[in-house]
Amino acid sequence: MSNEVFLRHVRDYLPMDASVWDTDDKGKPCSCALSAGMVENRFYRFDAEAFLAASHAIEELALEEACGFLLATMQEFRHFEPHRERYWQLAATLAEVRVIARGKRPPRHGHLKFIATHHKALAQFWTVLYQGRNCQALLIGREVNDAKTFEQKRFDGFYTFNPNLIARVQRDIEDAVGGRSATLREFERLLAIDQAAKQLTAEFSRQRRAVEGALRKLQTAGNRYQPRHFAADLEKSLSRLRLLNHKLPHLVGAPRSGFAA
């Protein structure tokens, strides 16, 4: 699976007014990701329509390959009703389809299996995970605004085609359903790495601008800005980068806690 093929599928389902935003090192939306070009394994802020379009893109890939396993987690089973016919089609095509959510469980339908969960670990997540013979794909997002209706929801999440990462997220979901974990550890780990990477990129950009500014002053200010001043400003920039270097291992490696069943 290539990023280009996946995004082409997403655009087939994407309404004109749907939005996806890139996020900064604090997790805040900062720019339009659709115009800049999205990439896998990077966190974005999705509105509900964009997240649904990406979900349908993975479901479409599963229907095209016509084999394998699909797992979806929804916050509540009442959100499943608009997708009922599509998931009946998936269940008729794939070896197994599971839908996990809270609330009243619909009756099983062929290869379509419903799993009710009351654990809080999945309460805010929407996930579509597909494992096929030649293609694997995952979309996972966590709601960030606690909206009353689906159309108003916003999700922070990412998509990936990496089989190892997909397998780890699947294990986390199974641990959450089984009551063996209070968090999706892999999601939290990848979120920490994403924010650290964006923090590092932002700091590099700030320090590059600072050094370029110091070089211009060295060129134009004459005796008012001596080489020793430039050296001091350069050392200040390097000190900030060294400080961030010491912080990064903690940012990406903070332990995550769960609970035993």
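These legends describe close-up views of charged side chains in a predicted model.

In this model, local features need pLDDT of at least 70 and side-chain atom pairs count only at pLDDT 80 or more, whereas totals for chains, interfaces and linings use all residues. Residues are numbered from 1 along each chain as its sequence is written, and side-chain values use heavy atoms, with hydrogens and water left out.

View 1. Helices here are DSSP runs of H or I with at least four residues, numbered from the N terminus. D175 is buried at a relative accessible area of 18%, where buried means under 20%, exposed over 50% and partly exposed in between, with a 1.4 Å probe and protein chains only. Leaving aside neighbours within four places in sequence, D175 is in contact (heavy atoms within 4.5 Å) with R180, S181 and R185.

**View 2. The salt bridge between R185 and D175.** A salt bridge is a side-chain nitrogen of Lys or Arg within 4 Å of a carboxyl oxygen of Asp or Glu, and for this pair the N to O distance is 3.0 Å. R185 lies in helix α6 and D175 in helix α5, so the pair ties together parts that are ten residues apart in sequence. R185 is partly exposed, at 30% relative accessibility.

**View 3. The salt bridge between E186 and R168.** The side chains meet at 2.9 Å, N to O. Because E186 lies in helix α6 (residues 185-220) and R168 in helix α5, the pair ties together parts that are 18 residues apart in sequence. E186 is buried at 7% relative accessible area, while R168 is partly exposed at 28%.

Conventions. Helices (H or I, at least four residues) and strands (E, at least two) are DSSP runs, numbered from the N terminus.
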